[in-house]
Amino acid sequence: MSIWEYANPKKFMQTSGWLLPWVTGLALVCLIGGLFWGFFLTPDDYKQGSTVKIIYIHVPAAILGTSVWFMMLVTSLIWLIRRHHVSALAAKAAAPIGLTFTLIGLVTGAIWGQPMWGTWWAWDPRLTAFLILGLFYLGYIALWAAVDDPDTAADLTSVLCIVGSVFAFLSRYAVLFWNQGLHQGASLSLDAQENVSDVYAWPLWTCIAGFLLLFVTLVLLRTRTEVRARRMAALLARERRLA
Amino acid sequence: MIPDLGKYAGAVMGAYGASIALLALLVLVSLWQAARMKRALDEVEARAKAPVAEEAAPDKGASDV
């Protein structure tokens, strides 16, 4: 069996229909469990006070905000190279989810920044790249809506996605090589010396898993909607030809 | 039940409230679009199958006669 079998809309609908309830259940368990654990059962930080509880939303949303764009990059490349429609539709379906995560990252970051940094916003490399990434999401969604021919829309948005990847990359990695700005480095990393304390790390990992599973749930649901919309357009076009 | 959030209560509750509202909006819009598209496609598919059923019916009736 090959992964390319899932490029067949019928196979995709079968598999995603079977998978969706399980992923939804798991997403709810991780998301509700992680947020409950983080909000109710962890202590205040000695420096940040209770604002440390914002990391359980801010960090997963920011990680997903950039990761969704990378997922869109992969599916866009698959569309450009192999012309699989499900792949282009998955990228289209993912964009509003990525935009929502990016908005949540920006809003919660600003709310946390005001008491901790003394400002809602700073033109810091990571923040600025993340804001531009949010604008790329808006542009990407607008471009899909503006072009009538779906294949042309998929081509144009795929190119836009490749260009926007620069800002997804910068917002993820700018703190590592662009040594200025307010934003701190990674809260969690494979290097144990940099990690936040375990008492915060475990609920944070659970929330990251919850956000990731929520993304998978929504992208499956929304891609199924897009596949149906494409089939309906084909049936309506056939109706018009026969009329 | 709600932990004492001290002087940052507004910031923490605001961050959670805004995030939950945005996520709820995304989920509800996605579910609404999915239900609306499924219903619309079911109608179009039923219409597409209808002429076949109508053509088949006289044959069935004729064989019964």
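**Terms and their grounds**

Author: In this predicted model, 30 residues of chain A are in contact with 24 residues of chain B. On the side of chain A that touches chain B, α2, α3 and α6 each supply at least two residues. That side divides into 18 nonpolar, seven polar and five charged residues.

Reader: What makes two residues of chain A and chain B count as in contact?

Author: Their C-beta atoms, placed from the backbone, lie within 7 Å. By that criterion, 30 residues of chain A and 24 of chain B qualify.

Reader: Why is α1(A) called roughly antiparallel to α6(A)?

Author: The axes of α1(A) and α6(A) cross at roughly 150° and come within 7 Å. Angles over 145 degrees count as roughly antiparallel, and therefore α1(A) is roughly antiparallel to α6(A). Their contact has 23 nonpolar, eight polar and one charged residues. α1(A) passes α6(A) in a left-handed crossing.

Reader: What makes a set of residues a nonpolar core, and which residues have the most contacts inside the largest one?

Author: Such residues must be buried, belong to a set of nonpolar types and be joined through C-beta atoms within 7 Å. The largest such core has 68 residues, and those with the most contacts inside it are Val68(A), Ala94(A), Ile97(A), Leu133(A), Phe215(A) and Val219(A). Among the helices that each supply at least two residues of this core are α1 (9-41) of chain A and α1 (9-64) of chain B. The largest share, 17 residues, comes from α3(A).

Note on methods. Residues numbered from 1 in each chain as written. Chains lettered and ligands numbered in written order. Predicted model: local features only at pLDDT ≥ 70, side-chain atom pairs only at ≥ 80, totals over all residues. Buried ≥ 20, exposed ≤ 12 C-beta atoms within 10 Å, placed from the backbone. Helix = DSSP H or I, 4+ residues; strand = E, 2+ residues; numbered from the N terminus. Nonpolar A, V, L, I, M, F, W, Y, C, P; charged D, E, K, R; others polar. Axes fitted to C-alpha atoms, helices over the stretch in contact; angles between N-to-C directions. Parallel < 35°, antiparallel > 145°, perpendicular 65-115°, else oblique. Left-handed = near helix turned anticlockwise from the far one by under 90°.
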